[in-house]
Amino acid sequence: MDYAKMRAIAAELGAYSERLEGSWSVETGPSGPILATMCPSKRHEGTVRRICKPS
C-alpha cells in the first residue's frame, strides 16, 4: 500500500474515531492504518480490580 493511500485511510479513521466513545488513535503498521483504543489509566485499572475482586 502506498503512503498517500495509507494517509487517506488514516484521515478517514481519525474522523470516524472522533465520533466514538473513549480515547482512540490511528496507528499505521506494516499492513496499513488501524484504529486502536488507548490504554486506560492506572486509576481505571484499580477501579476494575476493586469491582471484580470477590468480597
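Entry one, the hairpin. I looked at how β1 connects to β2, and a hairpin does it through 2 residues. β1 covers residues 24-29 and β2 covers residues 32-37; they run antiparallel, with 6 bridges between them. I count strands as paired if DSSP finds at least two bridges between them. Gly 29 sits opposite Gly 32 of β2.

Ground rules. I'm working from a predicted model, where local features need pLDDT of at least 70 and side-chain atom pairs need pLDDT 80 or more, while totals for chains, interfaces and linings use all residues. Residues are numbered from 1 along each chain as its sequence is written, and side-chain values use heavy atoms, leaving out hydrogens and water.

Entry two, the whole chain. I found 2 helices and 2 strands in the protein chain, in the order α-β-β-α from the N terminus. These are DSSP runs: H or I of at least four residues for helices, E of at least two for strands, numbered from the N terminus. Of the 55 residues, 16% are buried.

I placed Ser 17 in helix α1, residues 3-17. Is Ser 17 buried or exposed? It counts as buried because its relative accessibility is 11%; the cut-off is under 20% for buried and over 50% for exposed, with partly exposed in between (1.4 Å probe, protein chains only). Its side chain reaches the backbone oxygen of Gly 14 at 2.8 Å. Beyond neighbours within four places in sequence, Ser 17 is in contact (heavy atoms within 4.5 Å) with Trp 24 and Leu 35.

Notes:
Polar contact = N/O pair within 3.5 Å; in protein donor to acceptor, adjacent residues only side chain to side chain.
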